[in-house]
Amino acid sequence: MTARRWDLLVGAGCGLAALAGIGAWIAMPWFVLPLLVVLLAAWLGLTRRGRQAWSVTLVGVSTMPQRLAAASVVVIGIAGVVGVLVALLAMGDGFEATLVETGSDDVAIVLRAGANAELSSGLDRPSAALIARTPGILRDGDGRPIASPELVVIANLPKKSTGTDANVELRGVGAEAWAVRPDVRIVEGRRFEPGLRELVVGSGAHTQFAGLDVGQTIELNNQSWTVVGRFEAGDAHDSEIWGDAESVSSAYRRTGYQSITARLVGRDAMDGFAAALASDPRLKVDVQTTRAYYGAQSESLAKLIRVLGFTVGVIMAIGAMFGALNTMYAAVAARTREIATLRAIGFAGLPVVVSVLLETMLLALAGGVLGAAGAWSIFHGYTVSTLGASFSQVVFQFQVSPALLWNGLKWALAIGFLGGLFPAVRAARLPVAAALREL
Amino acid sequence: VKYLPLVWAALFRRRTRTVLTILSVLAAFLLFGMLEAVRAAFDVSATAAGVDRLVTASRFSIIQPLPKSLLPRIRALPGVRQVTYASWFGGIYQDPKKFFANFASEPAFFDMYPELELPAAQRRAFETTRTGAVVGRDLAEQFGWKVGDKIPIQATIFPKKDGSNAWTFDLVGIFRARNPRQRGQERQLLFRWDFFDEARQFGHGNVGWYIVRVADPDAADRVAAAVDRLSANSDHETKTQTEQAFNLAFVKQVADIGLIVGSIMGAVFFTLLLVTGNTMAQAVRERVPELAVMKTIGFSNRAVLALVLCESVLLLLIGGLLGLAAAAVLLPNLSNAAGGFFTLPPLPARTWLVGAGLMVLIGLVVGALPARRAMRLRIVDALAGR
């Protein structure tokens, strides 16, 4: 009875220690891993117990082909967890990166006070002119402020994938828009001519929506517009269609603008610019850097995707851990006599524990690599679109970054560690005499 | 049925292994239940109500307003039973992250939406209070609002005439959805359009969209075409579609939820198949001598097959039902934790049915190979340990 209670205590202790370890493990930066591997290798190679552990591990690994089915359960189970986790997190990262890249610290966006997005904002022409003359804005070679008064409307266009209408953001931009956003470059055709009903389309919009090839004509608000160019920006602007602000505004019968985007004289000019705007009694506006603006827009959706990813990942990880536990218990059970023999001829408990753990983690590592590689090959650069904060489609790509792959591997090893720990302890604590008698 | 104790005993022959397998089945079905709930939350076709409602919005874009002068003209069309209108307000209460729908309409809105229940006295109060607003129960609970409160809402699109963004409404009523599956509908704030139109700085006389209730749902297409004809070739052409189609188009733009959920579930169940399949194979392998003894004392091949299959189905049913139960318990908490960003409906009966079907199916699939092996055992070989 006391032995049994002792068992329980050991189990509980192991569990708590393991949980604490996992916490530290998940937070661990990558460079600690090689250190740990080196330490482990030194222990295995240099100490007596280490060498014992090494030889027991070799025996375990060499018998693995005999239990291929059971071992593959661990590998594939963990590969599934890592694959799904990495894919979901890559989706969240990709969305966030696309929007954050759009912003910059030395570009400011001015909206009407209280408006939380361009779509709900509105600035009349006198205000727009005042804002453009505010000190703090960089000037181009001709002395004109690099500021683009813009308006955004949502147009319905058929999507290529479904054939049904979806929302696309049509942005009317001022002449300085190209200088405000130097990342935007024309890759096909040319820029639109101010005053004409001409459009340039973002590459993302071009792939998602039908009828946006250069040279084609599309109907917007019952008027025909010609697509004259295609641009690439590498950020959220890729999902947009651009036209001349005046043309768009007359086509949609707008009298004013919605935002002014301006390049500031430097990264530290933001405070001065904001103060200058606030001190003008004629203006009621909010100003922020575009980095802050686009970051806020991506926040809630990216967070939602991450919460979903982690929830799914944790539940799957628990499932896979039980699978690994099962397999390793079976493996230990099958080797009961062998382990007991080792113990009888003088092997200590620790090498046995380490060998079972190493074996499980080896399987887990294989699973993690498989899952991460799968997620990378299928999802890296996979393009999807969703409804962004401005009620229009935002095109983005899954980003399977090395950091995510590393995270996936850490999860895999953690699952392997937990899955191997309890069977390992059981193997080491088997009463030698009883185990030897077992047939 | 009389073999149930036998199956039960076989199942718990190796307690650790069975418990572990049940736990991994539990995890899989917990995930299944939660993802099904997410899918159901986005599944518009499940809301069967509203087949007689059409939504009329600008053909060009959801942000283009429509003139209110269309109202009498739509109302006069044959086949139209009732019309109301609404304008999106997009206001914020305290924190922009605590998003909820808020728009201006008229009290008759509730005649169009019989699935929303507003007590008669509160409805009268809404009709007589120009600055009145009504909210859904879910939202009122989240913010601790009570009838009689003054609710400050920060405008994002529509400043008041004096340029300020601070709007204040008097809460005169709290409505609730009759069907608990539509609790998402309770996350709305509705206020008087006439007050809104008078107090706003610009956009007077424009509404965001019309809601048209038709007398005969079968004639919906004809009525929709007639409504759109009213504004053909004008500067405010409309597009009228059923409410379902309107919502579906919107959800489709968010993401292909079905595909994402489907792929995750595929990965999960494939893994589950392996884990339980492995357990069953082990269980049968270990029991070969026992099964041989059973056959010796007269169990038929078929009976042995059935026993092993029963065992694996039972294993999955225990784990799966526990998993779904856990999902049912967790879901309301998850909705709360999401801060009202979305409301997950309680686990629908369909999920339980589909889940149970999957449990039996997976049980049969993973049991099939070991069961066949058990059935084909030759007593002599098995007893001799060959």
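Which residue in strand 3 of chain A is the bridge partner of A:Ile154? In this predicted model, the bridge partner of A:Ile154 is A:Glu169, and this pair belongs to the contact between strand 2 (residues 147–158) of chain A and strand 3 of chain A, which run antiparallel and are joined by eight bridges. The two strands form a hairpin with six residues between them, and in this hairpin A:Gly163 takes a positive phi near 80 degrees.

Strand 3 of chain A, which spans residues 165–173, is mostly covered, since eight of its nine residues are buried. Besides its pairing with strand 2 of chain A, strand 3 of chain A is joined by five bridges to strand 8 (residues 240–244) of chain A, and these two strands run parallel. Within strand 8 of chain A, A:Trp242 is the residue that stands opposite A:Arg171.

A:Gly50 is found in helix 3 of chain A, which covers residues 48–62, and it counts as buried because its relative accessible area is 0%, where the cut-off for a buried residue is under 20%. When residues up to four places away in sequence are not counted, A:Gly50 touches A:Trp43 and A:Leu44. A:Gly50 and A:Arg254 are 204 residues apart along the chain, and their C-alpha atoms are separated by 78 Å.

In chain B, a nonpolar patch on the surface is formed by B:Val293, B:Ile297, B:Ile379, B:Val380 and B:Leu383, which together have about 450 Å² of accessible area. Helix 14 (residues 379–384) of chain B gives the most to this patch, with three residues, whereas B:Val293 lies in helix 11 (residues 288–296) of chain B. B:Val293 counts as partly exposed because its relative accessibility is 40%, a value to be read against the limits of under 20% for buried and over 50% for exposed.

The confidence of the prediction was considered last. Chain A averages a pLDDT of 84, and 97% of the residues score at least 70. In chain A, confidence is highest in strand 5 (residues 198–202), at a mean of 94, and lowest in helix 1 (residues 2–26), at 71. Where pLDDT is low, the predicted coordinates should not be read in detail.

Definitions and conventions: Residues numbered from 1 in each chain as written. Chains lettered and ligands numbered in written order. Predicted model: local features only at pLDDT ≥ 70, side-chain atom pairs only at ≥ 80, totals over all residues. Heavy atoms only, no water. Patch = residues over 30% accessible without salt bridge, like charges linked within 9 Å, V, L, I, M, F, W, Y side chains within 5 Å. Areas by Shrake-Rupley, 256 points an atom, 1.4 Å probe, with all protein chains shown as cover. Salt bridge = Lys/Arg side-chain N within 4 Å of Asp/Glu carboxyl O. Helix = DSSP H or I, 4+ residues; strand = E, 2+ residues; numbered from the N terminus. Buried < 20%, exposed > 50% of the residue type's maximum accessible area, 1.4 Å probe, protein only. pLDDT = per-residue confidence, 0-100. Pairing = 2+ DSSP bridges. Contact = heavy atoms within 4.5 Å.
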